[in-house]
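Please open the structure in your viewer and keep the selection tool at hand. The stops below say what to select next and what is there.

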Amino acid sequence: MKKKLKEIKTFIMNNRQYLFVFGFILLLFGAILTFIQPAFWKSYDLTDTGQIGDTIGGITAPIINIIGAILVYSSFIEQNRANKIQSEQNTFNLLHELYKELKSELVNLTFSTKKVNNGHSYKGSKAQSVFIEVLESRIDNLEFPKNSFFKEYLFLMGNITIFLDIVEESNASKKEKKYILRLFHFLYLAKIKVHHEKIMELILEKTHHEEFLELLKDAALKIESNYTENFTK
């Protein structure tokens, strides 16, 4: 019984506009039949007058106009809802593309130096690992911060913070935002966080790395606060 009632309710909700129009048509026919029936009072008898059409038209025209306005408004609301859904879908697709670009930047992150494996280049997580090994041995070398990896890594961190800002300010639904952010945080935990924290630990008290350290701290703070805001409350 409950299932049947639920099906009826669903049918009504899905077809309410058509049912409304059908009901209004029945109302008009009912009104016409009422007006052409003999009246109880002679002064209200419309069966012998030639103005039945004008009378019915005068009575029903305002109702029809109101119904028309309601239907136009209803169509506008439905169109607006459809536009909003489409806009959210477009935003979600954009966020997903930005995430894939960010992931690609991590995969293509490159570290190389002539003094390591004859200048062999390392990419992605391996680049971070080898960089940390070299950084430990050259922590006091004032020339080492000129290695291109420092700029590449800062570029990656900068894009991460911008990405998080874009997700936060987007008009995507809460569910879609969480999906994108889960993808990102899983990537961060699996491929970046350990290396990121190790780099900060190594350069913590080195003045020639002070600016680099502050930028890494800002990025780490942004990432951690975003995670706390979305997944721990």
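Helices (H or I, at least four residues) and strands (E, at least two) are DSSP runs, numbered from the N terminus. This is a predicted model, in which local features need pLDDT of at least 70 and side-chain atom pairs count only at pLDDT 80 or more, while totals for chains, interfaces and linings use all residues. Residues are numbered from 1 along each chain as its sequence is written, and side-chain values use heavy atoms, with hydrogens and water left out.

**First stop: a pair within one helix**

Select F184 and Y188, which are four residues apart in helix α6 and therefore separated by about one helical turn. F184 is buried at a relative accessible area of 1%, and Y188 is also buried, at 2%; here buried means under 20% relative accessible area, exposed over 50%, and partly exposed in between (1.4 Å probe, protein chains only).

In soluble globular proteins, nonpolar side chains tend to be buried together.

Now centre on L135, which, leaving aside its neighbours within four places in sequence, is in contact (heavy atoms within 4.5 Å) with F144, F150, I199, L202, I203 and H209.

Rings of Phe, Tyr and Trp (its six-membered ring) pair if their centres lie within 6.5 Å, and planes under 30 degrees apart count as stacked, over 60 as edge-to-face and the rest as tilted. Select F111 and F131, whose rings are edge-to-face, at 5.5 Å centre to centre and with 80° between the planes. Because F111 lies in strand β1 (residues 110-111) and F131 in helix α4, this pair ties together parts that are 20 residues apart in sequence. F111 is buried, with a relative accessible area of 0%, and F131 likewise counts as buried at 0%.

Return to F184 and Y188, whose ring centres are 6.3 Å apart and whose planes are at 20°, so this pair is stacked. To see one aromatic cluster, select F111, F131, F144, F149, F150, Y153 and F212.

Where is H185, and what does its side chain meet? H185 is found in helix α6, where it is buried at 4% relative accessible area, and its side chain makes a polar contact with the side chain of N226 at 3.0 Å. A polar contact is a pair of N or O atoms within 3.5 Å; within protein, one must be able to donate a hydrogen and the other to accept it, and residues adjacent in sequence count only if both atoms are side-chain atoms. Not counting residues up to four places away in sequence, H185 touches I223, N226, Y227 and F231.

E176 also has its place in helix α6, and, under that same exclusion, E176 touches E88, Q89 and F92.

**Last stop: a loop**

Finally, select T207 in the loop between α7 and α8, which is exposed, with a relative accessible area of 63%.
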